[in-house]
Every structure is written in structure tokens, then in C-alpha cells.
Amino acid sequence: MFSLFCSSSLVGPLPLLRALASTRTLSHRNFHLFTHTSLTNTIIIRRSFCSQSSAVTVHSTPTSSNGNPEYGRLLPCPSHHGPPRIEHLVVRDGGTVLEYICKVLDLPPLFVADLIHFGAVYYALVCPKPPPTATPEETELYKEYTDPSVLSKRVSIKGKTVREAQKTFRIASIDEFVETGMYLRVHVHPKRFPRCYEIDWSSRIISVTESYVVLDKPAGTSVGGTTDNIEESCATFATRALGLTDPLMTTHQIDNCTEGCVVLARTKEYCSVFHGKIREKKVKKLYLALAAAPVPIGVITHYMRPVNIAPRLVSEEFTKRWYFCQLEVLECIKVPWPTAEIVYKYSIEDCGWPSQEFAYECKISLLTGRTHQIRAQLAACGAPIVGDAMYMPAASAEILRPGCNPLGTCRKQYESENDKEVAIEDWIACHGKEPRIAIGLQACQISWDDGEHFYEARSPWWRMEIT
């Protein structure tokens, strides 16, 4: 959504808020234009665009007795996610970022301070160009504030190109000044990770050295945070558990729904060193995957579609510009399917796999490191990972309707590229959503410098006994 806001004045000073907060160190299909009539009544005009028709609805936001929407604080963490809400603002009157956002979005000051603390507010010196489907009002406002005669008078962007001035950065403080013409992006409903508050983080620390910390990451958590939430992350909670003064830094990623070994750097220097080891392929990772069907021993090769959104689609057939993906299955052992008690305890999703008597624990060496690589490759082999709500439904569909995967071994021949693209879109629709917490995947070992540094995770969740 792309929203342009107009405001005539800012709210008054907030000394109490500053005292409390000082202790804390584009899908473009839908757009809306907000017109503020008063602090207690905000009329929202939403324009919903699609290929066939458009509609306009008008409603008032629910407000509390003091005129603010019914927002409180970001903590305690809710157990469910709110609907997506991202607001894009063009600053009409300069002032502190806290006061401006409170004014134009009619949000409580403490809530906005929490958003800034979570890293959910961004700025750019110059507003980015709105998408083609923006309203005339939005386009005009963009032109007004990016007109060369206007930009030439702004001292803050002298010496910068427009593209450089449109680069976004996180707002770090509630007192940061925002000037007229600046752009703000506010993630009002950041992605939350309630699992962070359920973990004994001290028990997840594998090793602590002068340069790095090795953590046995719990499933259902983010290693270093998300675009709109750097607070609820493994790096943040491990830093607190160890009582460190300087925050730990991420050196590599594993999926939120994956558990196991991750390396967190204690210094910027070691973060750079470890990145270099990854580039030079000096870091080796072994995974345990609990597959729903047997997987052949040996090297498995696919090519991944170069589209940076999930689900990641792979094909055995070489395709120009697609990413090379390779893993090696070292062993595959038949094991009992996880019991109902274990499935319940670890919140494993039932994805409707037809046979749930046995599963197959595979030890895998990851030879290339693509996002979702193990999950996508095993699903393409007809052996999706237990609990993987994104890839297992598609694997099930291929079993029921052979050939529905336009990239699979039983793929059909298409008369045109357009027909194939339509089939790919239908195939994407066969996939589910990202798992809520855990799947049967663990980064069980990590080592580098020819084994000089070697670490192992605890037993994976599916081997755990219910106590």
C-alpha cells in the first residue's frame, strides 16, 4: 500500500514518553489516501484495484476515549499475527519522528516508540516513485516534493543523486528529526515471534568464545530478525542471556521453522571473517531432515527459479539463469512417524500426508546454500519434510495428479511459454503457507577451518521423549 498523508501541525511535547523510552538504546495492488478531519475521527478512503474491477469503501477507524486507535504496546507479545499494515508517508511539516507519526496515524506515543525500538520505522531523504497504479493525488504529491526546484533547496541532499537520497534507513531514535519532503515507511503490525518468550535461552548456548557464540537455534524464531522486527530475534535474546554489552551479529541464516546450529559474531571484524569463510566454502553444514518418504543416497541436483519469493520452485532440467542447487544425502534411516504427543508439543502441522506410519531421517550435506533449498529439493523428489506446510501440500498434489508440476519429471509438454507460465502459477497455488513453528529439519552440525571448529546441536525434536 502507498499512502500519502497531509498534516497541518504536530502534537505537543511528550516528556513522560522520552523518560520511558530513553532506557532503550510493496505489494502495489492496494493503495489508500487518508484525509485527517480531526484527531478523534479519521476517515479512510480505500481504493482496491484488480484486473477486472475497482471498489471504494469508506469507514471510520475505531478509537478510544482519548481519540487514539485502540493500540496499546507491542508487549506482551500476542499469540497471533494481526493483519498486514504498512503505511507510507510523505512528511508535510518537520518535527520529531515520534510526534509526526503519532499525529498522522493517530497512534499512541508509547506504541510508536515500541515500533521504533523494534526497527519497524524507516526513512528516506526523498520519496521513492509511486507505482503505476497510484492515485492522481499520490502522484501529484510525489511530483510536488521531488520537483528539481524543491530538491535544490534542501541542504540535506546536496551532493547526493536522487537515487542515493531515496535509499531507506531504519529510524533509531524517537527524537530523530524528520524534515519536510522526507519519506517514512511504518510497519504498524510487525511480524511477531511469541516463541522467543517461551525459550530458556541459556540452555541453547553451545559455545562462547572471544570472537563468536554458537547457538542451538529453536524452531519458530528468526536468527537476526525481520525487516520490521529486530527485537524478537535469536541474536537479541542470546545477547541478553549471556549478559553481553555489545549485541551479537548474524553471520548466516537458517529458516525460521528450522532448528539447530547458528554462529553469531561478537565483533564486526569476526562477522566479516566468517562471511569470508562462507564465500571460500570453508564452512561445512550437516542437516538432519525428517522426510515423509525415502530419499535416495547420493548427490541430488536441481535448478531453482530465480524469483526471490516463496515457494522456491526447482527443476531437474537445466534452465538458463536458474540457480544451481546441490545437496548430498549421506544416509536415510526408516524411523517411526512422530507420535501425536510429540507433534502436539512441538506444534507440528498436519499437512495431510497420506501415510503417517513411518518417516525417514536423512543426514544431508548442503553443497550449495540456497533459501529453502533442502525443503524444495526433497519435496521435488516426492519426499517433503514432515510438518512443512508450504511444500508438502504440493508434493501431495503431484502424487494425486501426476503431471500437475510443470517442472517435475512427469511434466507435460506445453504449446507455448504462456501456457507454461499459467501452469507454473497453478503449481504455486498448490503450495501452502510458511509453517507456524517447526518442521522436521535441523542444522545438526557446523564446522570450519577443516574441522578445527566443530559444533553439534542437541537431539532434534522428533527424537525427544515426552516427560
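I take a residue as buried when its relative accessible area is under 20%, as exposed when it is over 50%, and as partly exposed in between. I keep in mind throughout that this is a predicted model.

**Entry 1, a charged patch.** With those cut-offs in hand I looked up D426, whose relative accessible area is 48%, so I note this residue as partly exposed. D426 sits in helix α12, which covers residues 417–429, and together with E417, E421 and E425 it forms a negative surface patch. I also wrote down a general point, that an α-helix has 3.6 residues a turn, so residues three or four places apart point the same way.

I then stepped back to the overall counts, and found 12 helices and 20 strands in the secondary structure. Of the 467 residues in the protein, 48% are buried. The accessible surface comes to about 23500 Å², and carbon and sulfur atoms account for 53% of that surface.

Next I turned to strand β19 (residues 441–448), which pairs with β20 in the antiparallel sense over 4 bridges. Within this pairing I found S447 standing opposite F454 of β20. The hairpin has 4 residues between the two strands, and D449 takes a positive phi near 55 degrees there. Which residues of β20 lie on its covered face, and which on its uncovered one? In this strand, residues 453–456, I noted H453 and Y455 on the covered face, with F454 and E456 on the uncovered face.

Although C127 and K167 are 40 residues apart along the chain, their C-alpha atoms are separated by 9.2 Å.

I looked up P294 as well, which is placed in the loop between β14 (283–291) and β15 (298–304). P294 has a relative accessibility of 51%, and because exposed means over 50%, I recorded this residue as exposed. From P294 to K334 there are 40 residues in sequence, while the two are 7.7 Å apart in space, C-alpha to C-alpha.

Just after α3 I noted G119, which takes a positive phi of about 80 degrees.

Methods: Residues are numbered from 1 along each chain as its sequence is written. This is a predicted model: local features need pLDDT of at least 70, side-chain atom pairs count only at pLDDT 80 or more; totals for chains, interfaces and linings use all residues. Side-chain values use heavy atoms; hydrogens and water are left out. Patches are made of residues with over 30% relative accessible area and no salt bridge: like charges are joined within 9 Å, nonpolar side chains (Val, Leu, Ile, Met, Phe, Trp, Tyr) within 5 Å. Accessible areas come from the Shrake-Rupley method with a 1.4 Å probe; for residues, only the protein chains shown count as cover. A salt bridge is a side-chain nitrogen of Lys or Arg within 4 Å of a carboxyl oxygen of Asp or Glu. Lys and Arg count as positive and Asp and Glu as negative; His and the chain ends are not counted. The place of a charge is taken as NZ of Lys, CZ of Arg, CG of Asp or CD of Glu. Buried means under 20% relative accessible area, exposed over 50%, partly exposed in between (1.4 Å probe, protein chains only). Two strands pair if DSSP finds at least two bridges between them.
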